[in-house]
Amino acid sequence: MAEIIAGSLFMYVFKEASRNAYNNKRREDGFRKNVFDNFGFNLPHTDTSDEVLRELPPGELDALKARLVGRLIGQKLLRKYRFLGKSYLVAVDATGIATFDHKHCEHCLTKTSKSGVVTYFHYVLEAKLVTSTGLAISLASEFIENDPGRDYEKQDCEQKAFVRLAAKIKKHFPRLPVCILGDGLYPNNTVFDICQRNGWQFIITLKDGNLKTFQQEVALLKATSSKTNVYRATKTTRVTLQYQYLNDIEYDGRYFSWVECNETVVNINDKSTKIQRFTYITNVDQNGQSIVQTADSGRLRWKVENEGFNSQKNLGYELGHKFSRVSFIAMQNYYQLLQIAHIINQLVERSSQVVALLREHSKQTIVDLWNKMIAYLLFAHVENVDWMPSLPG
Ligand SMILES: [Zn+2]
């Protein structure tokens, strides 16, 4: 079983575009031998893996991922990235992973266009542990899916999936100090209740239309709030960040803090100016010390989109590629393996050895290094790799 799972996992570790591309390499004796000598397992045929992944309950790989991430947290590797030295920043966001013009399975979500064309698709809600250095590590994933036989008028949605996702995080990481980062869909009582019950902090984007009474009180008191200015410069820009906060703003019987950051970016070359405003609601009481880190952490939420989804879609992981056209169970399992492979590769890509290789010359890229690794596995003849520990069983 370990070999069958590892075989599919390595398809993503190697950033193979398709099962077919992977099978072509696997057909080479040298490749199979080198994988065995270096990584310690026999590569299964992907058809074998696929059959297993169609049957394996998706909770199994969810739990495996949680164990691996739990180990990383336990080894204190991520401690220095904690918010205010206390909690781990967990960004929540949904993404589409597959679209079909026909009913793919019983769990497809559907959308009907104005002209009556029905599209079938799958969405997944992700909770990723994010850091200011760009790591985005999947803590838990929850598919947004329809129940077969249920009225299509009442489709599953991100808000409902968040309730299940939060329960999953609490189950797998019961004592983990968490700070939830969410977008403008998340400032509501359901989310506030869940965070309060779980003892989680949150920093949630507040859009102009959200929580009217809360925003009215903020508008009244805004002029009295103290401001902190921070200046940052890059080679081409001068950035002014003005931070503001208010504590003890009432909403529906509870009290929260309001945080705002107004950012002005001046481009030195063309003298253009870009102004942006970021507003958050948080249950973390603010003071002059915490305000900058709170607003900056709120903005880390986009990392799930950038570091997480985009690199999984565009940098070789083929998130959108339909690794299983027929089975919803297999689709979920492939998705989990992709998340695990992405965690492994992010850590490898930040390891001192790889960083040193990237610094060798300015044109050296991650893509080049991966091509070289595959070429090595295909063509190198390495006898008796004696640094590998012997395998159990
Ligand atoms: Zn489907």
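Helices (H or I, at least four residues) and strands (E, at least two) are DSSP runs, numbered from the N terminus. The structure used in these exercises is a predicted model, in which local features need pLDDT of at least 70 and side-chain atom pairs count only at pLDDT 80 or more, while totals for chains, interfaces and linings use all residues. Residues are numbered from 1 along each chain as its sequence is written, and side-chain values use heavy atoms, with hydrogens and water left out.

**Exercise 1. Placing a loop residue**

Task: Find where Thr234 lies, and decide whether Thr234 is buried, partly exposed or exposed.

Solution: Begin with the elements of the chain, which has 13 helices and 10 strands. Thr234 belongs to the loop between β7 (227-233) and β8 (237-251). Next comes the accessibility, for which buried means under 20% relative accessible area, exposed means over 50%, and partly exposed lies in between (1.4 Å probe, protein chains only). Because its relative accessible area is 44%, Thr234 is partly exposed. Finally, Thr234 and Asn267 are 33 residues apart in sequence, and their C-alpha atoms are 9.6 Å apart in space.

**Exercise 2. The nonpolar cores**

Task: Which members of the largest nonpolar core touch the most other members, and which helix gives the most to this core?

Solution: A nonpolar core is a set of buried Ala, Val, Leu, Ile, Met, Phe, Trp, Tyr and Cys residues joined through side-chain atoms within 4.5 Å. The largest one has 47 residues, and those that touch the most other members are Ile73, Leu125, Leu139, Phe162, Phe214 and Ile281. Helix α6 (residues 158-172) gives the most to this core, with 5 residues. Apart from it lies another core, of 25 residues, including Ile5, Leu9, Val35 and Ala341. For the chain as a whole, buried residues make up 49% of the 393 residues.

**Exercise 3. The zinc site**

Task: Which protein atoms are donors of the zinc ion, and what is their arrangement?

Solution: Donors are N, O and S atoms within 2.8 Å of the metal (3.2 Å for Na, K and Ca), and water is not among the atoms, so sites may look incomplete. The protein donors of the zinc ion are His104 (ND1), Cys105 (SG), Cys108 (SG) and His122 (NE2), at 2.0 to 2.3 Å from it. Along the chain the donors follow the spacing H-C-x2-C-x13-H. Four donors count as tetrahedral if all angles lie between 85 and 135 degrees. The 4 donor atoms subtend angles of 98 to 126 degrees around the zinc ion, and therefore the arrangement is tetrahedral. As for burial, His104 has 8% relative accessibility and counts as buried, and Cys105 is buried with a relative accessible area of 12%.

**Exercise 4. Lys15 and an aromatic ring**

Task: Describe where Lys15 lies in the chain, and name the ring whose face Lys15 lies over.

Solution: Lys15 lies in the loop between α1 (2-13) and α2 (19-26), and at 19% relative accessibility Lys15 counts as buried. Its phi is near 60 degrees, a positive value in a residue other than glycine. A charge sits over a ring if NZ of Lys or CZ of Arg is within 6 Å of the ring centre and within 35 degrees of the ring normal. Lys15 lies over the face of Trp370, at 4.3 Å from the ring centre. In another such case, the charged end of Arg299 sits over the ring of Phe278, 3.9 Å from its centre.

Technical notes:
Four donors count as tetrahedral if all angles lie between 85 and 135 degrees; four count as square planar and six as octahedral if opposite donors are over 155 degrees apart and all others between 65 and 115; anything else is irregular.
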